[in-house]
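Please walk through the helix packing and the salt bridges of this model.

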Amino acid sequence: MTATARRFGIVLPIAVGAAVGLGVARAEPTAPDSNDAQLVARGKVVYDEQCARCHGANLEGQPDWRHRLPNGRMPAPPHDPTGHTWHHSDKQLFDMTKVGPGALVPGYQSDMPGFKDKLSDADIWAVLSYIESTWPADIRAKQQRVTRP
């Protein structure tokens, strides 16, 4: 083995280990993780910027969210435990956020747009991580049973 090969064999694992340790090689999420503090923090920032104006700063939704607005559409529901967000699987929540409810249910009219042109998939997973992190353990367990029957 040459000196260069030996050096490369030693230096590369150290550099990769340092990069991983510093978070440089952190993989983008492909599912929500309400226990990942960095992902939850990222999700809160994105939620505050993109979702809070309709769904509420405290995930409370719009007033009287179970009754149609004068335009026939439904108000934005809460994402806290009083709403029905946790009744949906992670995939359904992701898809609804990415393309909007109207794209998933033909003929359904909604004020919620799809965010595919505004948010990356990773940002959508981060928002869902933030939302799920606010739910009590029993609600998270119920939602996970919907996600993974």
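Which residue forms a salt bridge with Lys91? Asp95 does, with the closest N and O atoms 2.6 Å apart; a salt bridge here is a side-chain nitrogen of Lys or Arg within 4 Å of a carboxyl oxygen of Asp or Glu. This is a predicted model, in which local features need pLDDT of at least 70 and side-chain atom pairs count only at pLDDT 80 or more, while totals for chains, interfaces and linings use all residues. Residues are numbered from 1 along each chain as its sequence is written, and side-chain values use heavy atoms, with hydrogens and water left out.

Asp95 and Lys91 are 4 residues apart in helix 4, so about one helical turn separates them. Helices are DSSP runs (H or I, at least four residues), numbered from the N terminus. Lys91 is exposed at 55% relative accessibility, whereas Asp95 is partly exposed at 21%. In these terms, buried means under 20% relative accessible area, exposed over 50%, and partly exposed in between (1.4 Å probe, protein chains only).

Helix 4 (residues 90–99) also packs against helix 6 (residues 121–133), at an angle of about 125 degrees and with the axes 10 Å apart. The axes are lines fitted to C-alpha atoms over the stretch in contact, and angles run from 0 to 180 degrees between N-to-C directions. The two helices are therefore oblique to each other; angles under 35 degrees count as roughly parallel, over 145 as roughly antiparallel, 65 to 115 as roughly perpendicular and the rest as oblique. On the helix 4 side, Asp90, Leu93, Phe94, Thr97 and Lys98 meet Asp121, Ile124, Trp125, Leu128 and Glu132 of helix 6, where contact means heavy atoms within 4.5 Å. The residues of this contact divide into 5 nonpolar, 1 polar and 4 charged.

Salt bridges also occur elsewhere, and the search of the whole structure finds 6. In helix 2 (residues 37–50), Asp48 and Lys44 are 4 residues apart, and so about one helical turn separates them. Their side chains meet in a salt bridge at 2.9 Å, N to O. Asp48 is partly exposed at 38% relative accessibility, and Lys44 is partly exposed at 33%.

Another salt bridge joins the side chains of Arg73 and Asp111 (2.8 Å, N to O). This pair links distant parts of the chain, 38 residues apart: Arg73 is in the loop between helix 3 (52–55) and helix 4, and Asp111 in the loop between helix 5 (101–104) and helix 6. Arg73 is partly exposed, with a relative accessible area of 23%, and Asp111 is partly exposed, with 45%.

Notes: Ala, Val, Leu, Ile, Met, Phe, Trp, Tyr, Cys and Pro count as nonpolar, Asp, Glu, Lys and Arg as charged, and the others, Gly among them, as polar.
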